[in-house]
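Open the model in your viewer and keep the selection panel at hand. The stops below go in order.

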Amino acid sequence: MRRLEFRSVRGGQPQTDESLRAIFARLDRDCGGFTRSIELDDLYEGLHELGMTDITRADVESMFLVGSSNVQGRMTEQEFRDLIKGENIAVG
């Protein structure tokens, strides 16, 4: 997986849980309708809408596979925060 650790830093400071929650809320297309989780398409489209257009679908698929333990193809808010902060067991 391509290193995306710079995404976890904003203005030289690590992203806070609060800012990551706000980002996740923007990515959550069904607004928490499925236990506050996102699908692969939500993550890909949302990151592009947030201006991260250099991330390919393959990059996002890798992120999703590493970050999500959910066999139903969804990533929870906690998994998203762990992935972005590099606290995922497979990344950090």
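Contact, as used on this tour, means heavy atoms within 4.5 Å. Helices (H or I, at least four residues) and strands (E, at least two) are DSSP runs, numbered from the N terminus. This is a predicted model, in which local features need pLDDT of at least 70 and side-chain atom pairs count only at pLDDT 80 or more, while totals for chains, interfaces and linings use all residues. Residues are numbered from 1 along each chain as its sequence is written, and side-chain values use heavy atoms, with hydrogens and water left out.

Select helix H1 (17-27). Its buried residues are Leu20, Phe24 and Leu27; buried means under 20% relative accessible area, exposed over 50%, partly exposed in between (1.4 Å probe, protein chains only). Because these residues cover an arc of only 55° around the axis, they sit on the same side of H1. The arc is that of the directions from the helix axis to the C-beta atoms. On the face turned away from the buried side, find the exposed residues Glu18 and Arg26. Now show what covers the buried residues of H1: this includes strand S3 (37-39), H2, S4 and H4.

Next, select Leu43. Which residues does Leu43 touch, not counting residues up to four places away in sequence? They are Leu27, Ile38, Val60, Phe64 and Phe80.

Last, select H4. Six of its eight residues are buried, among them Phe80, Leu83 and Ile84. The buried residues of H4 pack against H1, H2, H3 and strand S4 (74-76). After H4 comes Gly86, with a positive phi near 75°.
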